[in-house]
Amino acid sequence: MQTKHYQKLYMVPYFLWIIVFVVAPLLLVLYYSFFDVEGHFTFTNYQKFFTPVYLKMTFSSFWYAFLITLIALIIAYPVAYLLTKTKHKQLWLLLIIVPSWVNLLLKAYAFIGIFGQYGLANGLLGLVGIAPKQILFTDFSFVFVAVYIFIPFMILPIFNALNELNDTYIDAAKDLGASKWTTFRRVIFPLTIGGVKSGCQIVFIPALSLFMLTRLIAGSRVITLGTAIEQHFLVTQDWGMGSTIAVFLIIAMFIIMAFTADRKRGA
Amino acid sequence: MNNNTIIQFKDVTKQFADDQPVLDHVNFEIERGKFYTLLGPSGCGKTTILRLIAGFTQPTSGEVLFDNHIYNHVPANKRQVNTVFQDYALFPHLNVFENVAFGLRIQKFKEKDIEKKVKQALSFVNLAGYEEREVSEMSGGQRQRVAIARAIVNEPQVILLDEPLSALDLKLRTQMQYELRDLQRRLGITFIFVTHDQEEALAMSDEIFVINKGKIQQSGTPIDIYDEPVNRFVADFIGESNIVKGTMIRDFLVSFTGKEFECVDQGIAENKKVEVVIRPEDLHIVPWEQGKLQVKVHSTLFRGVHYEIICHDSAGNEWLVHSTKKAKAGDTIGLYFDPEAIHVMVVGETEEEFDRRLESYAVDDTSAN
């Protein structure tokens, strides 16, 4: 009895943490979403969300998040695969992860320097005889920087999945007549799909609510739901509308989590 | 080499970096439709031979031939060989049907044919009706059968089996030995089976290659290898043996433990130092005065089928006896054996020299007749 009692006691900090920092904020967001700017209870926020302005914003958020995830995946999978084949794979992996420890804002400012009118990128273009281009404040620069920032989070789970893959499965596929491509398509990829799913989850969900980068790199050309929330809370002070968008974002996240979760086979 | 030869190794050496070679100038031929066993302790190079045949690795030097063509650089997926892996390597994301169908789908068979062939292969290994099962739902023995079905369904010329029974319990292992042997006879394709278990090798094979330290020590039928081991390693590794030092007096007479005994070996130089092998089951317990050897019982162990009795003679040699007769520790008993039970090995004799000596007997026999 005594030990059981203590075990419950150990759980207290965990529950406190969950209640104060997870459950309470979610409930508060939900609560605020039912009030307008003047503090009256209303459903208009939800009506407003289904107007073309917000629907377009939602669509563009999803579209950019999708693009960022897709490009990150296309780059990360081969990189992770090559990493598992290198001799000092843990060292190489560390080198790829290190930039993710640098503050996001610092990296964003660095890219402002690189992509600027007199930055490194335009300097290099000039060397090959191309006139300076507007790189900063374009869709391209936004996606490029976002992919750069998220890519370590995509590589890591895929690397782990590939690293744990038993080599005899590859031998077995070859033995049964599979070419390299068939082996990849029929064996390696299906067996590492778990890593791909977690990578997509880790990238897609934060990419959906990106807001700093949209302003700094995309120059408010790209307005996502994240940007809208920020604007409502800090600029228009319409906490109600901001909360409503947040509610939809949270719902979207739960849907994506359910969608990318590992389903148990053969149950 | 004859027309029946399907695989041939010519002077094959495999070496990683500057380590000791894993295989050291190995030569052998594999004939169509036989059951071969590569037998040896772990690390002897037997799995490397299998990987060379499968095409997962290339020899450092020498040639691997299939049907008389050099196959050194033919990739694994272009070889008419299928492997049953030690841990089965069944694809966990596919069910039993899809695992077996894997090779057929790559060969682009029609869906109808695939279904027919897979069903046939599964019924061959007594797994009819298990098509829709997940691999994770199968027991070790069933997985083993799926792995075999996945190999035979492609109708390869050769099936390689890498210690496939080592993960099974004793009863199932014995049962699978019968089934594999039976399957090989029914299919009529070449099986190359790798194991470190000498009983398995003796029970199943047409021919055994005993391998140690990257070299083939001896090859032959199970009976040849058991009865006529070429050296101490083979005698010791295959079954249990009593090996004592002796001297060849002349043909048909050998001396050991200070006495002379009649034997059936010949063609060895007189007074040559030899090693004498007598199998424990060839030693019979008799009263002291009737024995060819007089020994003192050191300990006995009941093994079910027989007693395992360890004795010492006056010269200090240890003798292991398998007998259904009981003996008490401390007893002094006699051991009797037939001249045929004595097998004489010449120290340092290679398999070629050994074979030549055996052949020379045959010539003598015919000329005598």
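Figure 1. Glu353(B) sits in helix 9 of chain B; helices (H or I, at least four residues) and strands (E, at least two) are DSSP runs, numbered from the N terminus. Glu353(B) has a relative accessible area of 37% and is therefore partly exposed. Here buried stands for under 20% relative accessible area, exposed for over 50%, and partly exposed for the range in between, with a 1.4 Å probe and protein chains only. The surface patch of negative charge is formed by Asp224(B), Asp227(B), Glu281(B), Glu352(B), Glu353(B), Asp355(B) and Glu359(B). A patch takes residues with over 30% relative accessible area and no salt bridge; like charges are joined within 9 Å and nonpolar side chains (Val, Leu, Ile, Met, Phe, Trp, Tyr) within 5 Å. Two helices of chain B, helix 7 (222–227) and helix 9 (351–368), each supply at least two of the patch residues. Helix 9 of chain B contributes the most, with 4 residues. The model is predicted: local features need pLDDT of at least 70, side-chain atom pairs count only at pLDDT 80 or more, and totals for chains, interfaces and linings use all residues. Residues are numbered from 1 along each chain as its sequence is written, chains are lettered from A and ligands numbered from 1 in the order in which they are written, and side-chain values use heavy atoms, with hydrogens and water left out.

Figure 2. Asp265(B) is located in the loop that runs between strand 13 (259–262) and strand 14 (273–278) of chain B. A salt bridge requires a side-chain nitrogen of Lys or Arg within 4 Å of a carboxyl oxygen of Asp or Glu. Apart from neighbours within four places in sequence, Asp265(B) is in contact (heavy atoms within 4.5 Å) with Met248(B), Asp251(B), Phe252(B), Ile342(B), His343(B), Val344(B) and Tyr361(B).

**Figure 3. Salt bridge between Lys48(A) and Asp238(A).** Over all chains, the whole structure holds 19 salt bridges. In this one, the side chains of Lys48(A) and Asp238(A) meet at 3.7 Å, N to O. Lys48(A) belongs to helix 2 (residues 44–49) of chain A and Asp238(A) to the loop between helix 12 (225–234) and helix 13 (239–260) of chain A, so the pair ties together parts that are 190 residues apart in sequence. Lys48(A) is partly exposed at 36% relative accessibility, whereas Asp238(A) is buried at 7%.

**Figure 4. Ser60(A) and Val222(A) in chain A.** Ser60(A) is part of helix 3 (residues 52–85) of chain A. With a relative accessibility of 18%, Ser60(A) counts as buried. From C-alpha to C-alpha, Ser60(A) and Val222(A) are 7.9 Å apart in space, while 162 residues separate them in sequence. Chain A as a whole has 13 helices and 0 strands. Of its 267 residues, 39% count as buried. Among contacts in chain A between residues at least 6 apart in sequence, 69% join residues at least 24 apart. The C-alpha trace of chain A spans about 75 × 70 × 35 Å along its principal axes.

**Figure 5. Salt bridge between Asp67(B) and Arg32(B).** The closest N and O atoms of Asp67(B) and Arg32(B) are 2.7 Å apart. This pair links distant parts of the chain, 35 residues apart: Asp67(B) is in the loop between strand 4 (61–66) and strand 5 (69–70) of chain B, and Arg32(B) in the loop between strand 2 (23–31) and strand 3 (35–39) of chain B. Both partners are partly exposed: Asp67(B) has a relative accessible area of 32% and Arg32(B) one of 34%.

**Figure 6. Salt bridge between Glu179(B) and Arg145(B).** Glu179(B) and Arg145(B) form a salt bridge in which the closest N and O atoms are 3.2 Å apart. Glu179(B) lies in helix 5 (residues 170–187) of chain B and Arg145(B) in helix 4 (residues 140–152) of chain B, so their pairing ties together parts that are 34 residues apart in sequence. Glu179(B) is partly exposed at 22% relative accessibility. Arg145(B) is buried, with a relative accessible area of 11%. Elsewhere, Glu31(B), Lys34(B) and Glu207(B) are joined into one network by salt bridges that share partners.

Note on methods
Accessible areas come from the Shrake-Rupley method with a 1.4 Å probe; for residues, only the protein chains shown count as cover. Lys and Arg count as positive and Asp and Glu as negative; His and the chain ends are not counted. The place of a charge is taken as NZ of Lys, CZ of Arg, CG of Asp or CD of Glu.
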